[in-house]
Amino acid sequence: MARGLRILPLAISLVRLAQPADAPKIVFDALGQTTIQQRLQAVPRKLVDRVATLESFFHEAGCDGDRFTERPLPRSKAPNPICTLPGETDSRIVVGGHLDSIETGMGAVDDWSGAVLLPSLYQSLKRLPRRHRFLFVGFAAEEEGLVGSRHYVDKLSRQDVHRIHAMINLECLGVGPPEVWVSRANKRLLDAYAVVASILHVPVAGMNVDRVGDDDSHSFLNYGVPVLTIHSLTRDTLRIIHHPSDKVDAIRPDDYYTAYRMAVAYLAYLDAVLEWRGFAASFSDQPSALGGSPRGTRAIGA
């Protein structure tokens, strides 16, 4: 648990992404790989400990007081922990990773790897003003049928749903380089991902997992919210999921840190460009950089 960890002091490293001359500047604070790895390795087995550990990391990252809440779920032992980073507008970006796991394995990959990045992403984005309100949500009961994310979005007003400009889901990270679920993703979010990957010199790769399972992005997609899932699964690593080998040593530290770098840069980029007039124009008539043009919703077979 978090009480036994020594988190190294944050070394502020401002990272600026090159943009067109008239585009907004993208700035964030980069955490060191040691901090990211220590938080990953603190994976608890019991659900109640996962909630407590994630909460402690949020507080450690500076998300406390009114910025941190827990939303109880009906018929669930765990709530949805929510950390809010205020923005200059009421437009919103939701970033999610699920807390629960099945009994087989440790659930380090699926999906502590995604959930435990949430406090680090908040910490990396919090220092400078942001246009969007970011909501970092550890969704509960995903393995029971997306219960936490469905409850979250079902309880939103129609106006609040319309204010969500993107839902970015973090799922099963670090067993390889970052991938995206192309067939489900919004086209503009895909192209924005490709831009950031190119800037960071991260290979742009897509792996569709439609026939493997589902994730919390589906709950938002059902309401018409643009979504994108970042994961690391391939045909060779799918066997880790729901298997005794789902342990922290299945996660490659360098690939996991790349996933963190990619996620934080991507969120900072989205915050700057989603409402920038040049963003819509630059992607309006182009095919997706990763291929595909997903529309609508569909049930995903497990």
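Which residues does Leu228 touch, not counting residues up to four places away in sequence?

## Basis

This is a predicted model, in which local features need pLDDT of at least 70 and side-chain atom pairs count only at pLDDT 80 or more, while totals for chains, interfaces and linings use all residues. Residues are numbered from 1 along each chain as its sequence is written, and side-chain values use heavy atoms, with hydrogens and water left out.

## Nonpolar cores

Beyond four places in sequence, Leu228 touches (heavy atoms within 4.5 Å) Met167, Ile168, Asn169, Val180, Ala185, Leu189, Leu190, Tyr193 and Tyr266.

A nonpolar core is a set of buried Ala, Val, Leu, Ile, Met, Phe, Trp, Tyr and Cys residues joined through side-chain atoms within 4.5 Å; buried means under 20% relative accessible area with a 1.4 Å probe, protein chains only. The largest one has 75 residues, and Leu121, Phe136, Ile168, Leu170, Leu228 and Tyr266 touch the most other members. Helix α9 (residues 253-273) contributes the most to this core, 15 residues; helices are DSSP runs of H or I, at least four residues, and strands are runs of E, at least two, numbered from the N terminus. Another core lies apart from it, with 15 residues including Leu135, Ile164, Met167 and Val227.

## Sheet

Seven strands form an open sheet with mixed pairing, in the order β3-β4-β6-β5-β7-β9-β8; strands pair if DSSP finds at least two bridges between them. β3 (68-71) and β8 (179-180) are at the edges with a single partner strand each, so one side of each has no neighbour in the sheet.

β8 runs antiparallel to β9 (residues 227-231) and is joined to β9 by two bridges. Val180 has Ile230 in β9 as its bridge partner.

Methods. Buried < 20%, exposed > 50% of the residue type's maximum accessible area, 1.4 Å probe, protein only.
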